[in-house]
Amino acid sequence: MVRTRFAPSPTGYLHIGGVRTALFCWLFARRHGGRFVLRIDDTDQQRNVEEALAPILHGLRWLGIDWDEGPEVGGPYGPYYQSQRADRYRAVAERLLADGLAYRDYATPEEIQAERKAVQQLKRPFIYSRRWMAETSQQQARFEAEGRQGVVRLKMPREGRLVVDDLVRGQVEFEWAQEQDHVIQRADGSCLYHLASVVDDHEFQITHVIRAEEHLSNTPRQVFIAQGLGYELPQYAHLPYVAEPGSRNKLSKRKLAKYLKNRDFAQRVEHGRKIAEAIGLKTDPEAFNPVIVDFYEQVGYLPDAIVNYLALLGWSLDDQTEHFTRQELLQSFSMERVNKAPASFDCQKLWAFQEHYMQQVPDDEKIRMVLPYLQKAGLAASQPPGEVEARVARIVRAAGDRIKTAGDVLDYADFFVPDDELPYDEKALQKRLRQPPGAVELLRKFQAQLAAADAYDAETLGKLLHDFVENEGIGIGQIIHAVRVAVTGKAVGFGLFDTLAILGKASCLARIERAIRQV
RNA sequence: GGCCCCGUCGUCUAGCCAGGUUAGGACACAGGCCUUUCAAGCCUGCAGCACGGGUUCAAAUCCCGUCGGGGUCACCA
């Protein structure tokens, strides 16, 4: 039975690279009919764990990455919080001590630091002298009499090699002598990550440790612990990390300002920011940042688009297939086809997936997705009760694939503002109403036609305008743009006849009237 | 600096292990078609094997070296 785990530390946000790792773990487990476990690595957490964990759990659920065991769902190997497993780690540390694989060490951090510096000046790799190592109780007593506090360190081998068989990178070799005597337990008895991680992976019966590449160099010390304890080693798979747009550096939420210099990146952030502002969300980089998964939910992206994009960031099936349903992903994912090199995060490509998946969403589903944005923007209230939904439905149909994220419905806010509050785009007004000679007169005439129309559906209005064009002997462009600007305030939008029909006669007449006064 | 990893269009990638392809696809970009503006759609184009040596009839692919990039070196995870 394959068992994988994703082990986030409660940081308060879900990093895009983190989810990619989680996705691969999830995909791999499910692909092999196994189980996906969520473990919380909070060995060093002072802050409120629940609060810092909530966005992470929420983000995973939003993307449909569900866990078989872990927080909120429990499971046979719990607890799944490392902070609740401290006694197990301590017991294991005792065993390591008893077996001579670890030792108590009484060096102060300053003393270690001094050794390190001295060795560095000789340009030699640092290996701790073990000068404050205490292997007997007499030695311990002596150091403690000096008022020293002991930590527990791993007693790493000083010769030989380790070969790690990595599912992604193949055989990776390490020299044992290069490894440090890492601290596994503090003086206060609390244990550190490496110990905890190895113990839990074993106790949770994790068969495949799938994690980011930055853990590759941690592997020897973990193997040392596992072997010392007689554990069966898991298979390792070290995924390349997700890199910055246009570089090979690790993607970081703190470098947003730098990424904004990338045109594509800036474009997507700007798109999202407008939506977020319209619905009253914070848009500072801590809260609103494309490196954090929340961003996409807030703007109204589709989980499927993100999952598909992320799956292809470091993995591919072949030279052709781009679009995968969950089912297809689950059937075709394999570790053999994971790339070794880091992949740059490209939000424009993610956007392309978003467009694609949005086009697949049925209208009624889109309507459901879009409504909350109008409500949060305070636009839904301006309509009589019950009429909002109907109007939204018509807009969604008319806009078609122009609505690329749920938040894009706000591009049609002008359908929800009162006629006498409609804002006009100054440039559009200039170009379509003020500048062209006779534009206002034509508009006036057309307004009269509209007023006389007895049916007010798109088809009738289309015919009406075409007849008008013919009777006046003008080009269609001479009137159509002017009407659009007059009724929506903008130069762009979906089909004009749909626009007029949705607005309704009274609004159209009032808006044209008001537009003429603006000229 | 030590150790480890990585290197195919601007980006994601296929091809590499089992040498022979006009080096394929996608995003982006440019141009065109369609058109009622904007999207969408369709067509076309641009663009890549980090470099240098070998081995071979033949190298993106195998070997060696160089260069470049990155990760990691905590009483963080």
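**Entry 1: a histidine.** I began with histidine 271 and, leaving aside its neighbours within four places in sequence, found it in contact with Val299, Trp351, Thr405 and Asp408; contact here means heavy atoms within 4.5 Å. Histidine 271 is found in helix H9 (residues 263-278). Helices (H or I, at least four residues) and strands (E, at least two) are DSSP runs, numbered from the N terminus. Is histidine 271 buried or exposed? I found it buried, with a relative accessible area of 17%. For this I used buried as under 20% relative accessible area, exposed as over 50% and partly exposed as in between, with a 1.4 Å probe and protein chains only. I also checked proline 10, 261 residues apart from histidine 271 along the chain: their C-alpha atoms are separated by 29 Å.

**Entry 2: ground rules.** I noted that this is a predicted model, where local features need pLDDT of at least 70 and side-chain atom pairs count only at pLDDT 80 or more, while totals for chains, interfaces and linings use all residues. Residues are numbered from 1 along each chain as its sequence is written, chains are lettered from A and ligands numbered from 1 in the order in which they are written, and side-chain values use heavy atoms, with hydrogens and water left out.

**Entry 3: a covered helix.** I moved to helix H11 (residues 303-311), where 7 of the 9 residues are buried. Those residues are Ala305, Ile306, Val307, Asn308, Tyr309, Leu310 and Ala311. I then asked what the buried residues of H11 pack against. Their partners include helix H1 (16-31), helix H2 (49-62), helix H12 (326-332) and helix H13 (347-360).

**Entry 4: two helices crossing.** The axes of helix H6 (residues 193-203) and helix H7 (residues 219-228) come within 9 Å and cross at roughly 55°. That makes H6 oblique to H7; angles under 35 degrees count as roughly parallel, over 145 as roughly antiparallel, 65 to 115 as roughly perpendicular and the rest as oblique. The axes are lines fitted to C-alpha atoms, for helices over the stretch in contact, and angles run from 0 to 180 degrees between N-to-C directions. I see Tyr193, His194, Leu195, Ser197 and Val198 of H6 meeting Arg221, Gln222, Ile225 and Ala226 of H7.

**Entry 5: a hairpin.** Strand S6 (residues 161-166) runs antiparallel to strand S7 (residues 170-175), and 6 bridges join them; two strands pair if DSSP finds at least two bridges between them. S6 and S7 form a hairpin with 3 residues between them. Valine 164 stands opposite valine 172 in S7.

Entry 6: Next I checked the loop between H2 and H3, which holds proline 79. The peptide bond from glycine 78 to proline 79 is cis, with omega near 0°. Glutamate 72 lies in the loop between H2 and H3 as well. Although it is not a glycine, glutamate 72 has a positive phi of about 70°, and at 59% relative accessibility it counts as exposed. Glutamine 205 is partly exposed, with a relative accessible area of 47%.
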